[in-house]
Amino acid sequence: MKDDRSRELWQRAQKVMPGGVNSPVRAMSAVGREPIFIRSARGCHIEDVDGNRYIDYVGSWGPMILGHANEDVVAAVKKAAERGTSFGAPTEAEVTFAEMLGRLMPNLEQVRLVSSGTEATMSALRLARGYTGRDLIVKFDGCYHGHGDGLLVAAGSGLATLGIPSCPGVPDEIAELSVSLPYNDLAAVEKLFHEKGEQVAAVIIEPVAGNMGVVPPAPGYLQGLRDICDEYNTLLIFDEVITGFRVALGGAQSIYEVTPDLTTLGKIIGGGLPLGAYGGKTEIMSKVAPSGPVYQAGTLSGNPLATAAGLRALDLLDVAGVYERLEELAARLFDGLGQVFSEAKLPHCGNRVGSMFCYFFQKGPVTDYASASQSDNQAFARWHNAMLARGIYLAPSQYECTFMSLAHDGDAIDQTLSAAAEAVKEV
Ligand SMILES: *Cc1c(COP(=O)(O)O)cnc(C)c1O
């Protein structure tokens with residue numbers, strides 16, 4: 001594999017950017033290698049600056065469910081760009097987009113558009129605190145909700161429940177306002193609420209966890225959270241930044257039939273451009289400025305290029321058979337990989353919900369962060385490098401999802417499985 005250009009760029013990048021990247025996971029350090037610089041992408045393929053071509057299962061960490069450079073989305077962005085790239089004033093596309101989100105996720109009576117998933121979760125928490133007049137937030141070990149101060153609290157370490165910050169720069173006073181509990185453990189939530197329920201503004205959760213590998217909610221778990229939140233007048237926030245328009249058109253809330261008070265969205269809804277959103281019932285959302293006192297704003301919020309891409313992307317997803325196709329493709333690859341690992345007698349445990357899945361290198365089962373972290377990270381690193389060498393681009397961490405897109409087809413899956421049958425020998 002030729003890598004002269006990537007290596008040269010990596011040398012330059014490290015001088016001018018911290019760690020050489022603009023987002024830490026891109027550095028590929030978890031699999032013990034240097035990053036690959038990407039030049040272009042189309043469909044299910046990405047191409048690096050040295051001309052190597054890969055089948056991509058990262059999908060920009062989730063957004064690219066239609067595949068890369070989807071013709072319709074690109075055309076919509078071009079057309080929007082010709083009309084001006086930002087006005088700082090309301091546009092028709094924002095209204096249409098908010099109406100569309102409300103139609104596809106009926107719980108979103110009102111939404112506020114922002115520019116990233118982080119901004120969506122930070123804003124939703126401020127709103128929950130402003131609405132309830134309480135300060136405490138409950139989150140879950142291994143769930144990632146963006147890099148907001150109160151949300152970086154020991155995402156999974158043993159100090160999690162103590163609210164000790166795992167990130168320098170987050171003041172203790174802020175970290176102490178977040179409590180992190182084990183995922184899928186309703187008793188832990190009941191216990192905390194028994195002691196402090198009246199102080200909890202919100203419970204925030206990934207309804208299918210996608211940042212500790214993939215961990216689905218246990219049967220009844222999300223409903224249990226709903227019931228506890230109702231009992232204590234605490235807001236339930238579903239962070240559907242990954243799962244929204246990924247696991248189903250109506251998000252995880254539609255498949256598990258549990259309605260949160262607020263929903264945060266990002267990734268897919270921008271069609272590959274920077275766009276996030278938070279929303280819920282009008283009664284709660286009307287507390288946001290200018291209709292209410294909870295201030296939140298953004299110069300580029302509802303940006304015309306992002307709304308054009310997002311509208312087109314959601315249109316293309318709102319077509320009969322789309323999610324059935326994603327399910328079928330993902331099941332085929334997931335089952336095929338399971339067979340490859342079984343034949344190689346490699347300890348493995350897979351979790352899948354629709355077109356997001358993950359194989360942990362361990363016996364399993366994996367139901368929370370503690371069990372996820374029992375995985376053999378060295379084996380994963382070998383697997384990742386062996387697949388990469390065979391033209392398969394997987395997320396460079398044991399704790400990330402494999403994402404299927406509508407641009408993957410039978411040929412791509414067959415190629416991936418043949419590569420896997422060889423690569424597994426190097427694990
Ligand atoms: C990616 C992610 C975020 C943060 O979104 P950014 O656009 O990266 O700021 C928040 N929540 C979840 C569940 C995510 O996966």
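Predicted model: local features only at pLDDT ≥ 70, side-chain atom pairs only at ≥ 80, totals over all residues.
Strand 5 and strand 6 run parallel and are joined by four bridges. Strand 5 also runs parallel to strand 7, with three bridges between the two, and here L136 stands opposite V200 of strand 7.

Strand 5 is mostly covered, with five of its five residues buried. In a regular strand, side chains alternate between the two faces of the sheet. Along strand 5, L136, V138 and F140 point one way, while I137 and K139 point the other way, and all are buried.

Where helix 6 begins, a side-chain oxygen of D185 comes to within 3.3 Å of the backbone nitrogen of A187.

Attention now turns to the ligand. Its surroundings are made up of S116, G117, T118, Y144, H145, G146, E206, N211, D239, V241, I242 and K267. A backbone N or O atom of G117 is 2.9 Å from an oxygen atom of the ligand. The side chain of T118 has an N or O atom 2.6 Å from a ligand oxygen, and for the side chain of K267 an N or O atom likewise lies 2.6 Å from an oxygen atom of the ligand.

Elsewhere in the model, four strands form an open sheet with mixed pairing, in the order 1-2-3-13. Its edges are held by strand 1 (38-42) and strand 13 (392-393); each has a single partner strand, so one side of each is left without a neighbour in the sheet. Strand 1 pairs with strand 2 in the antiparallel sense over four bridges, and I38 has D48 of strand 2 as its bridge partner.

The loop between strand 2 (45-48) and strand 3 (53-56) holds N52. This residue counts as buried because its relative accessibility is 16%, where the limit for that class is under 20%. A polar atom in the side chain of N52 lies 2.7 Å from the backbone oxygen of K2. Beyond its neighbours within four places in sequence, N52 is in contact with M1, K2, I46 and E47.

A further open sheet has three strands in the order 11-12-14, paired in antiparallel fashion. Strand 11 (349-353) and strand 14 (402-403) stand at its edges with a single partner strand each, so one side of each has no neighbour in the sheet. Two bridges link strand 12 (residues 356-360) to strand 14 in the antiparallel sense, and F403 in strand 14 is the bridge partner of M356. Helix 11 (residues 322-343) packs on this sheet and touches both strand 11 and strand 12. The direction of helix 11 makes about 10° with that of strand 12.

How values were computed. Residues numbered from 1 in each chain as written. Heavy atoms only, no water. Polar contact = N/O pair within 3.5 Å; in protein donor to acceptor, adjacent residues only side chain to side chain. Pairing = 2+ DSSP bridges. Contact = heavy atoms within 4.5 Å. Axes fitted to C-alpha atoms, helices over the stretch in contact; angles between N-to-C directions. Near = heavy atom within 4 Å. Buried < 20%, exposed > 50% of the residue type's maximum accessible area, 1.4 Å probe, protein only.
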